[in-house]
There are 2 protein chains.
Amino acid sequence: MSTKNLRALLDGDYAEIRDRVRWWLSQPGNEPVVDLPMEEHRAKVLAWVQELTAEGDTGRGFPAEYGGQDNVGGSVASFGALAFGDLSLLVKCGVQFGLFGGAILHLGTARHHERYLRAATSMELPGCFAMTETGHGSNVQALGTTATYDPEAEEFVVHTPSEDARKDYIGNAARDGRMAVVFAQLIAGCRQGSPQRAGGPGAGEDRGVHALLVPLRDEDGDTLAGVRIEDCGAKLGLDGVDNGRIWFDHVRVPRENLLDRYAQVAPDGTYTSAIENPTKRFFTMLGTLIQGRISVSGASISATKVALTIAIRRALTRRQFGVPGEPEALLMDYRTHQRRLLIPLAATYALSFAQDRLIAELHEVFTNADTGDRERRELETLAAGVKAIATWHATETIQACREACGGAGYLRQSRFAALKADTDVFTTFEGDNTVLLQLAAKNLLTDYKDAFGELDPLGTAQFIAGQAFGMLAEKIGIPGRDEGGDLLARKTQLELFKWRHEHVLGGVARRLKKGIGDGRDPFSVLVDCQDHVLTTARSWVDLVVLEAFAEVAGRDPVLDKLCSLYALSRIEAERGWYQEHGKLTATRSKAVIKAVNELLAEIRPHAEMLVDAFGVPDACLGDAKPVAQAAA
Amino acid sequence: MSTKNLRALLDGDYAEIRDRVRWWLSQPGNEPVVDLPMEEHRAKVLAWVQELTAEGDTGRGFPAEYGGQDNVGGSVASFGALAFGDLSLLVKCGVQFGLFGGAILHLGTARHHERYLRAATSMELPGCFAMTETGHGSNVQALGTTATYDPEAEEFVVHTPSEDARKDYIGNAARDGRMAVVFAQLIAGCRQGSPQRAGGPGAGEDRGVHALLVPLRDEDGDTLAGVRIEDCGAKLGLDGVDNGRIWFDHVRVPRENLLDRYAQVAPDGTYTSAIENPTKRFFTMLGTLIQGRISVSGASISATKVALTIAIRRALTRRQFGVPGEPEALLMDYRTHQRRLLIPLAATYALSFAQDRLIAELHEVFTNADTGDRERRELETLAAGVKAIATWHATETIQACREACGGAGYLRQSRFAALKADTDVFTTFEGDNTVLLQLAAKNLLTDYKDAFGELDPLGTAQFIAGQAFGMLAEKIGIPGRDEGGDLLARKTQLELFKWRHEHVLGGVARRLKKGIGDGRDPFSVLVDCQDHVLTTARSWVDLVVLEAFAEVAGRDPVLDKLCSLYALSRIEAERGWYQEHGKLTATRSKAVIKAVNELLAEIRPHAEMLVDAFGVPDACLGDAKPVAQAAA
């Protein structure tokens with residue numbers, strides 16, 4: 001396959017949108033910031049965002065009636081491509097359009113859309129997404145900020161009751177934000193139909209966390225009464241984004257400011273919601289904001305592509321040591337260098353195809369009105385799992401690429417400084433990866449229970465027999481489950497991944513059931529199985545990612561090898577487990593290592609083509625030169 | 001064991017010196033830089049270095065006759081403790097006293113010592129260590145800079161013949177350096193005793209890389225004629241160090257400027273050296289500079305201690321999720337958090353004790369005139385291996401600690417920004433880790449060949465029988481080699497580490513021998529075994545580190561558990577290999593995982609004490625608070 005065709009395959013349905021972003025990134029002045037003082041970086045990022053809004057690109061995911069293009073998938077694809085460039089710009093866009101605009105779109109109703117969406121997508125109204133507090137980042141159901149309804153005034157009183165409840169790390173807050181979507185414990189009148197118990201604020205019931213719009217600054221940028229904002233100051237990275245802390249001192253906003261798609265408060269304070277269970281209601285609201293998480297995984301894959309392009313191109317021109325009397329050897333010809341760079345390259349291809357599947361599912365769920373709870377849960381599981389794996393992959397790969405470039409990679413000009421620093425937070429924001437993998441595992445366990453319940457007696461028996469045989473094989477150490485298929489066959493690889501996931505999932509389900517059955521408290525049972533739970537999610541993501549790669553790998557022999565490299569390098573990494581469970585014999589486990597090494601040698605001649613196909617604009621590669629130029 | 005006693009054990013023979021550094025770091029104004037513009041950071045670092053020289057601490061490793069204290073070990077210990085603080089200060093000290101001063105001491109002779117050592121250790125003469133070039137960082141035997149002797153003028157002509165040969169990333173060069181130890185291909189007259197062939201420069205033979213002193217700037221700081229210096233500019237980290245590039249245009253220096261301990265050039269150009277073989281000569285010179293490498297591993301261990309102190313203290317006060325109706329659970333009570341932080345904690349203890357063994361060996365080799373080639377090679381192997389493992393451990397652990405602190409860890413105030421950025425280069429400077437592991441493996445293979453050659457027939461037979469049995473066990477998959485000892489017994493753990501190392505070493509020796517025996521070129525044979533070669537070094541370092549920990553672990557039950565955690569977590573990480581080689585059965589491999597989880601739970605109550613014992617000064621912990629204060 002030519003570089004061009006491979007790039008077309010990678011870019012898929014969104015080739016035009018991605019090329020448009022590449023074009024913008026290639027314009028003089030749009031290259032990533034290398035070394036600017038924080039305030040100048042912030043100003044530049046704001047100007048960039050405004051330029052992008054003028055291009056009309058930032059409203060793509062919004063409804064056409066508010067100036068958008070109803071193209072959710074295109075919007076995430078475009079965001080992903082923007083991540084080749086300055087990541088502060090990316091995150092600022094994510095805050096404004098994805099989080100702030102997205103919350104208004106998904107949690108608000110027509111009156112909010114009409115009043116705010118155009119202003120949000122045009123950056124006329126810079127906004128914040130004020131969810132995280134100092135005391136709660138992961139367990140956001142326990143936020144401390146309150147929004148108490150006062151039926152006399154028909155207003156909500158937004159308040160920060162303790163230092164732990166101040167809003168923290170909020171993007172757009174320190175400098176530009178004029179309004180915030182504030183997540184707070186809603187305190188409002190009695191249940192639907194019941195009379196309001198008392199007139200004053202504080203008399204209602206706690207309804208759990210809801211979102212409402214709270215103005216922060218006036219048009220001159222002055223902070224409004226009752227609002228206190230502090231700059232979080234310099235960060236490890238992303239210094240072009242103005243993160244801040246916000247305290248509210250009994251700030252009053254009109255009743256209409258509640259984003260009331262999932263719950264409403266009537267003028268008299270009566271609280272209504274179509275979703276009875278408060279936890280389910282909260283997670284339904286959160287679920288609509290899934291685009292942010294998917295955008296982060298896309299961004300991390302793009303950042304990984306930048307790093308790999310730089311490091312692999314360098315490895316194809318840099319020489320060191322070798323046979324005496326001959327030109328020194330290219331770094332790319334060393335096996336350690338191949339392991340360091342080509343294994344992550346294979347995984348990046350795999351994740352890239354998986355991300356496109358994720359975008360397609362997102363687009364389907366948010367475009368097709370018929371999608372139900374099951375599709376939404378599937379999307380949530382996939383988004384959580386891929387986000388965790390893709391962001392950790394970015395952190396590891398960017399680090400490996402920096403090291404592979406030695407001192408040259410340590411200069412600010414090389415882009416590794418920004419890539420490392422800016423992507424670092426991806427592993428813990430938009431959901432901490434550890435928490436996300438637990439969320440994915442929880443969903444998988446729910447599906448498992450559903451499926452198990454639905455199995456007919458014969459199916460159940462077969463299922464159990466299969467499990468028992470596996471366990472027997474483990475116990476007596478015979479390699480009965482190792483069927484010896486060709487390691488390079490996709491079928492063998494998929495079967496190994498699938499077997500692992502099913503085995504891990506079944507095992508953890510049994511452990512949890514037994515622990516709870518023994519009368520232990522569920523939390524300690526969960527903590528006790530926590531590493532097993534994470535493995536459940538990880539093994540599932542691995543499988544899904546391999547499936548996504550397998551779908552296209554057959555089109556080209558190099559791609560096919562790359563897919564095998566991804567599959568076998570994952571099996572190699574987990575070969576301890578496969579042997580423990582009698583699924584790989586010792587001999588076959590060693591054969592996996594050998595196969596990985598052979599694949600590396602076979603893929604090595606195509607390394608340049610494989611990174612060229614990513615289509616990272618030259619302007620985003622820092623001081624790295626194309627191979628032909630550097631070798632000349 | 002009390003925190004105090006544990007700290008005394010960690011500080012060992014150098015407790016007083018380490019406490020002195022802690023005291024200095026705790027003085028107001030000496031806390032690590034959080035956020036200064038580069039030039040201000042550089043100025044501050046220079047002022048700090050000058051302050052430290054005034055305290056008399058920076059010459060500790062130098063001979064008493066030049067104002068030092070003849071305390072090599074104390075000097076490395078002190079350097080390690082300084083790494084709790086600003087790492088730009090540390091690296092600036094390393095460049096000036098370790099590299100520049102160290103090269104004069106070890107490669108020069110009395111006239112250089114008398115003339116320059118006091119000036120170097122007092123910072124009156126800021127200097128550079130100009131080895132690395134743009135084209136050669138690892139393969140420094142192939143440097144391009146030339147130093148051609150001109151017998152007419154009795155001068156060396158130092159020259160940069162190509163862009164690849166410019167000196168690059170040189171610390172102290174951009175701003176402060178007034179003189180450099182320049183490594184260059186020495187071109188000088190014919191062999192010892194032969195007449196000089198021709199009068200002019202360029203007529204001599206290439207003698208390989210030697211070091212000589214070249215002035216860079218005058219007392220006013222102006223660059224001297226023929227010298228061009230460029231600032232490397234902002235870096236990924238360590239911006240308080242002024243790295244630069246240097247070009248020499250036929251710069252003339254007197255003959256006496258050759259650092260001539262290992263090779264001399266007479267006025268007529270006659271070249272003499274006690275070491276006949278040029279490669280051996282070069283590596284003998286390099287070998288004397290080993291202190292730098294040992295200093296880097298010490299620094300990376302200290303930086304890891306800072307990160308672990310911050311993250312573990314936070315995990316002991318931060319709560320998130322938990323049993324409904326109860327206070328949320330402490331992060332430290334989650335198994336994933338324990339795995340994330342306590343396993344690296346155990347490894348950090350292990351490496352800390354190994355580092356002290358390394359310091360003791362360094363002190364012995366450089367203090368005891370009787371040490372021979374064998375001791376020096378041992379020290380080189382140990383230094384290379386521990387440096388690689390300790391610096392990679394730092395990179396991984398600091399990252400894990402940042403993630404464990406979530407958003408709080410992403411603020412510049414938290415120290416993670418500097419810890420991550422500054423320590424990053426440790427994995428590739430003072431020897432790229434991959435290259436260092438190969439160096440270590442090469443030495444181990446040399447020892448192996450020596451030992452094998454010396455074995456008597458009976459010993460050889462036993463050795464071969466042992467190997468054969470091991471291979472048989474692998475082939476038929478029986479667990480014959482798994483002797484089923486108590487996993488918590490130190491003896492079992494040591495035996496597993498030892499068995500692994502011996503098996504890997506023997507295997508790679510056979511593969512290399514066979515490859516070369518088959519007539520293949522040695523370089524391609526090496527590349528083919530490269531991952532196996534790295535494993536050889538890694539398995540040896542693991543063993544040495546465990547031995548160092550095992551020596552002290554028996555003194556205290558908590559320390560004993562921590563040592564088991566280190567051992568078993570390494571075995572867990574390599575359990576794929578152990579099963580492949582019939583050394584662990586599947587059942588026993590699973591038992592290792594279970595034992596690790598149990599040890600985590602047992603060590604958990606002692607986590608605070610274990611980080612307190614590191615004695616990281618509060619001033620070096622950024623905005624992190626002690627547990628008691630944060631919990632209050």
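1. Strands S7 and S8 of chain B. In this predicted model, S7(B) pairs with strand S8 (residues 244–248) of chain B in the antiparallel sense, and five bridges join the two strands. One residue of this region can be followed across the pairing: Arg228(B) has Trp247(B) in S8(B) as its bridge partner.

2. The sheet around them. S7 and S8 belong to an open sheet of three strands in chain B, with the order S4-S8-S7 and antiparallel pairing. Strand S4 (167–170) and strand S7 (227–231) of chain B stand at the edges and have a single partner strand each, so one side of each lacks a neighbour in the sheet. On average, and with direction ignored, neighbouring strands of this sheet are turned by 20 degrees against each other.

3. The contact between chains A and B. Chain B contributes 58 residues to the contact and chain A contributes 60 residues. On the side of chain B that touches chain A, the elements giving two or more residues are S4, helix H9 (335–367), helix H10 (373–404), helix H11 (416–424), helix H15 (522–528), helix H16 (530–553), helix H18 (575–580) and helix H19 (586–603) of chain B. Sorted by class, this side of chain B has 16 nonpolar, 23 polar and 19 charged residues.

4. Helices H8 and H10 of chain B. Helix H8 (residues 290–315) of chain B packs on H10(B) at an angle of about 25 degrees, and their axes are 8 Å apart. Angles under 35 degrees count as roughly parallel, and H8(B) and H10(B) are therefore roughly parallel to each other. Their crossing is left-handed. The contact of H8(B) with H10(B) has 19 nonpolar, six polar and three charged residues.

5. Helices H4 and H9 of chain A. Helix H4 (residues 72–82) and helix H9 (residues 335–367) of chain A cross at roughly 145 degrees, and their axes come within 8 Å. H4(A) passes H9(A) in a right-handed crossing. From H4(A), the residues in this contact are Val72(A), Gly73(A), Val76(A) and Ala77(A). They meet Ile359(A), Ala360(A), Leu362(A), His363(A), Phe366(A) and Thr367(A) in H9(A). By class, the contact of H4(A) with H9(A) has seven nonpolar, three polar and no charged residues.

Definitions and conventions: Residues numbered from 1 in each chain as written. Chains lettered and ligands numbered in written order. Predicted model: local features only at pLDDT ≥ 70, side-chain atom pairs only at ≥ 80, totals over all residues. Pairing = 2+ DSSP bridges. Helix = DSSP H or I, 4+ residues; strand = E, 2+ residues; numbered from the N terminus. Axes fitted to C-alpha atoms, helices over the stretch in contact; angles between N-to-C directions. Contact = placed C-beta atoms within 7 Å. Nonpolar A, V, L, I, M, F, W, Y, C, P; charged D, E, K, R; others polar. Parallel < 35°, antiparallel > 145°, perpendicular 65-115°, else oblique. Left-handed = near helix turned anticlockwise from the far one by under 90°.
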